[in-house]
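Let's take a walk through this model together. Keep the sequence and the 3D view side by side as you read.

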Amino acid sequence: MQERARAVCYVFAWSALLLNGACKDTAKSAVPAAKPVTQAAAAPPAPVAAPAARPAPAPEASVLHTIGDGETLWDIARSYGITMKDLMAANGLGTRDIRRLHKGSQIKVPGVKEVVDVETSSDRAAQRQALPPLTDGAYHILHHGESLWTLARLYDVPIEALMQRNGLSEDSPAPVREGEPLIIPGIKQSQVKQSKEGKRDGVMHEVSRGETVWDLAHSFQVSVAEIMTANAMTAEEVVRIHDGQKIFLPGVEDDGRGHVQRKESAQQRRAQAVARRLGLGTLEAAGLLLHGLVEPRWIKAAGEEKTLAGTLRWPVAQGIYVRGFGSGQGGYHKAMDIMGKMGWNVRASAGGIVGYSGNKVSGFGNMIMVVHSGGWVTLYAHNSVNFVAAGERVSKGGVLAEVGSTGRSQGPHVHFELIFDGKNCDPAPLFKGGVHYHKGKLLRGSQVVWRDPRKRPASVICARRQKHPLGQTVDAENPDKDAQHVSDADVVDAPANASPDP
Ligand SMILES: [Zn+2]
């Protein structure tokens, strides 16, 4: 049974609407426990209400399922781990025929050998009853084809808030499964929405020659982790995609004229209005921010605090230090490079307002600049995809983007800059818990606390932005190669009682 389920799973992995992990444990998630065979597998097909408009394909195996109380076609497809499309095709059913199905009708289920119990919506409701009551949100039971990202869009909730409330770990595609409850913060149970049965929001894309998952993420503004989840891909499969392969791009819409683009969320539309009003998000604004020239109205929008948090958050939770301020030819690199992996999150080092999010500044690839209280700015470059738009407010630790290698870059990393009062500053002493290096080590150096938003501590070194000796703003940064310049003398063991800023 499990063998068969796995085979079915394999066959449908690309076309069917599988959730992440559905194929890894098919016996549990895709096909519920089988009950004894009650009907002959070899019985000739006797489809219900078949208009026979389209000839049904001839699968090598099938069973006849008798529709039980409260079972919908969707429940049946889901319980057998096949798609609605295949189920309908096998019975020659059109969308209008579905309502003619009733309790006791027999339906042919292709590609399976045993009749199974079908889980209905009332079964799922019963499971819901057993969940502890909530005061800060409501349960949404994950359906076929739904993921964290689908729900983030459906409820217009930041993905970060969903992960946090459900205690999911970051920096990996979330291990959520069909049929499992997920807490949607900030809504009532009556506001739980039903996503359309069997319909996934997105488009199927055929990979062209040389195209990578990063290219797709970048062109369609979809997160790599989201693409992985929607296509049940492992990290190994991501690097092995080939031309002609079909990849589902979730949340992307086709306008019917061949133009495909990411759907905008309500949050993004609101941010755009703010950005227009403040003059943020433009290439001109980016130019000013890069040089620490921050308009008073931007500082006001960032939130005027009397005292600062004092430290910065390390922007990539598992990221490691590659090279720092004043490195590179002639010491031009007034930034820090932090190596990460594809799909890892890039987080705001402090709260503020997004001043720029785009790829129009040469060399930086997908880049984000955040304006903070007091007028200081942090910059995050080479992202595979940016999640926030100019005008959006972000909190400290809020997810901004996904680590990537866009722009002049030769490997996944974040080029991080701290800009204040017309100069670039060395962020190293400001990271809470220190600068992370390999194997629990930290970069050697002192820690500084920065409280006054308008003044920088004397021990934080700042200098004017320099161009690369070859005239570029950013060199072709290769994190693997650059990391080799860090010697054992540069790092120390992290103290045992260190509380790393996650
Ligand atoms: Zn750099």
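Predicted model: local features only at pLDDT ≥ 70, side-chain atom pairs only at ≥ 80, totals over all residues.

S11 and strand S17 (residues 399-402) run antiparallel to each other and are joined by three bridges. Strands here are DSSP E runs of at least two residues, helices are H or I runs of at least four, and both are numbered from the N terminus; two strands pair if DSSP finds at least two bridges between them. Along this pairing, Arg347 sits opposite Val399 in S17.

Residues are numbered from 1 along each chain as its sequence is written.

Now for the whole chain. It has 14 helices and 22 strands, and 42% of its 502 residues count as buried. Buried means that 20 or more other C-beta atoms lie within 10 Å of a residue's own; with 12 or fewer the residue is exposed, in between it is partly exposed, and the C-beta atoms are placed from the backbone. Of the contacts with a separation of 6 or more, 74% link residues 24 or more positions apart. A contact here is a pair of residues whose C-beta atoms, placed from the backbone, lie within 7 Å.

What about the inside? The largest nonpolar core has 80 residues, and Ile368 and Tyr380 have the most contacts inside it. Such a core is a set of buried Ala, Val, Leu, Ile, Met, Phe, Trp, Tyr and Cys residues joined through C-beta atoms within 7 Å. This one takes at least three residues from each of domain 3 (202-262) and domain 4 (267-493), with bounds that come from an automatic or database domain assignment. Beyond its neighbours within four places in sequence, Ile368 is in contact with residues including Val354, Tyr356, Tyr380, Val388 and Leu400. There is also a second, separate core of 16 residues, and Leu73, Met84, Leu93 and Val112 are among them.

In helix H8 (residues 213-220), the buried residues are Val213, Trp214, Leu216, Ala217 and His218. They pack against strand S5 (202-206), helix H9 (224-230), helix H10 (235-239), strand S6 (246-250), strand S13 (366-371) and S15. In helix H6 (residues 148-155), you'll find Leu148, Trp149, Thr150, Leu151 and Ala152 buried. Their cover includes strand S3 (137-141), helix H7 (159-165), strand S4 (181-185), H9 and S6. H6 is followed by Asp156, whose phi is positive, near 55°.

Finally, which side of the cut-off do two glycines fall on, buried or exposed? Gly244, in the loop between H10 and S6, counts as exposed because it has 9 C-beta neighbours inside 10 Å. Leaving out neighbours within four places in sequence, Gly244 touches Glu206 and Val207 by the contact rule. Its C-alpha lies 6.2 Å from that of Ser208, 36 residues away in sequence. Gly287 belongs to helix H12 (residues 283-290) and is exposed too, because 12 other C-beta atoms lie within 10 Å. Gly287 and Val361 are 74 residues apart in sequence, yet 8.3 Å apart in space, C-alpha to C-alpha.

Terms used:
Contact = placed C-beta atoms within 7 Å.
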